[in-house]
Amino acid sequence: MNIGDRIKKVREAEGKNQREFASSIKVGQSTLAMFENGQREPKSIHIEQICLKYDVSESWLRTGVPPMYREPEERLETYLGQISKGEDEFIRDLIEVYMELDQASKDALKEIARRMADKSRPPA
């Protein structure tokens with residue numbers, strides 16, 4: 001299985017047609033078709049887009065070495081790297097403020113979030 005086959009596998013696993021998937025990774029449908037049929041090699045930016053958007057392991061996408069999807073620890077490292085680079089100042093500030101709270105305040109915030117999540121769920 002080559003990288004084009006793996007890209008197609010991701011697209012199909014996500015239930016997307018070529019147009020939808022291409023749009024989600026910011027390429028044209030014809031470019032995606034060329035990736036999938038091996039006529040064109042995706043650039044690193046395209047691989048990064050697929051991995052970030054669909055939580056795919058970059059190692060799997062490039063080489064086929066399992067697992068297909070990133071492990072939770074790998075996702076967390078990616079997110080922390082993005083936050084530390086300052087790509088999302090709001091999230092960085094939110095985490096900083098949260099980490100400076102005392103434990104009682106953290107627990108209260110968690111309870112508020114849990115109740116809001118419960119309230120937003122549709123009735124069974």
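Me: What do the words buried and exposed stand for?

Reply: Buried means under 20% relative accessible area, exposed means over 50%, and partly exposed lies in between. In this predicted model, arginine 11 and glutamate 36 are both buried.

Me: How many salt bridges does the structure hold, and which residues are linked in a network of them?

Reply: There are 7 salt bridges. A network of them links Glu111, Arg114, Arg115, Asp118 and Arg121. Glutamate 111 meets arginine 114 with the closest N and O atoms 2.5 Å apart; these two residues lie 3 residues apart in helix H8, about one turn of the helix. For aspartate 118 and arginine 121, the corresponding distance is 2.4 Å. Arginine 121 is exposed because its relative accessible area is 52%, whereas aspartate 118, at 36%, is partly exposed.

Me: Which residues have the most contacts inside the largest nonpolar core?

Reply: A nonpolar core joins buried residues through side-chain atoms within 4.5 Å. The largest one has 17 residues, and those with the most contacts inside it include Ile7, Phe21 and Leu61. Helices H1, H2, H3, H4 and H5 each supply at least two of its residues, and H4 gives the largest share, 4 residues.

How values were computed:
Residues numbered from 1 in each chain as written. Predicted model: local features only at pLDDT ≥ 70, side-chain atom pairs only at ≥ 80, totals over all residues. Heavy atoms only, no water. Buried < 20%, exposed > 50% of the residue type's maximum accessible area, 1.4 Å probe, protein only. Salt bridge = Lys/Arg side-chain N within 4 Å of Asp/Glu carboxyl O.
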